[in-house]
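Dear colleague,

Here is the structure I promised to pass on, together with the notes I made while going through it. Please keep it open beside you as you read.

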Amino acid sequence: MEKMAVIYWSLSGNTQAMAEAVADGAQAAGADVKLLQVSEISAADAAQFDKIALGCPAMGAEVLEENEFEPFFTALEGQLRGKSVALFGSYGWGDGQWMRDWQERTAAAGAVLYQNEGLIVNEMPDEAGLTACRTFGAGFAGA
């Protein structure tokens, strides 16, 4: 069975709720999932998983969180070639540019990007948003 990590950073709890739902969906689909905050894992340890779902909200001028998540992702980027990766996060403004930029970086690193795009939810996910996250997690587990 493939091992999957759902690794996230969250300030307000929006992306955490998404991460929990992504992990729930993947587990329901039969995946062996570990849910971790980015502060709980190194890039080297993350790279040992068969599949990696990464969650980070849009920050500032639509960028990844700069103190913890960006350094983690920068360290992980060089280890993503051929790795199955899914991206998700919440936003409160803008049009999702942070996700498009993140997708481009992930693809440029040689990762196999799930659905060729990430899942974004505006603010705190409602029940429809959580359902989308569970579906996303289940789909990624089965990909």
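The buried residues of helix 1 pack against strand 1 (3-8), strand 2 (32-37), strand 3 (51-55), strand 4 (84-91), strand 6 (119-122) and helix 5 (127-142). Please bear in mind throughout that this is a predicted model. The residues of helix 1 that count as buried are Asn-14, Thr-15, Ala-17, Met-18, Ala-19, Ala-21, Val-22, Ala-23, Gly-25 and Ala-26.

As to the geometry of helix 1 (residues 14-28), its 15 residues should span 21 Å at 1.5 Å a residue, and because its end C-alpha atoms are 21 Å apart, the model agrees with that expectation. Just after helix 1 comes Gly-30, which takes a positive phi of about 100 degrees.

Helix 1 also belongs to a right-handed β-α-β unit, which it makes together with strand 1 and strand 2. Those two strands, strand 1 and strand 2, pair in the parallel sense over six bridges, and Met-4 has Val-33 in strand 2 as its bridge partner.

Elsewhere in the chain, I looked at Gln-103, which lies in helix 4 (residues 97-108). Is Gln-103 buried or exposed? Its relative accessibility is 14%, and since buried means under 20%, Gln-103 counts as buried.

Technical notes
Residues numbered from 1 in each chain as written. Predicted model: local features only at pLDDT ≥ 70, side-chain atom pairs only at ≥ 80, totals over all residues. Heavy atoms only, no water. Helix = DSSP H or I, 4+ residues; strand = E, 2+ residues; numbered from the N terminus. Buried < 20%, exposed > 50% of the residue type's maximum accessible area, 1.4 Å probe, protein only. Expected span 1.5 Å × (residues − 1). Contact = heavy atoms within 4.5 Å. Pairing = 2+ DSSP bridges. Right-handed = clockwise from strand over helix to strand, strands pointing away.
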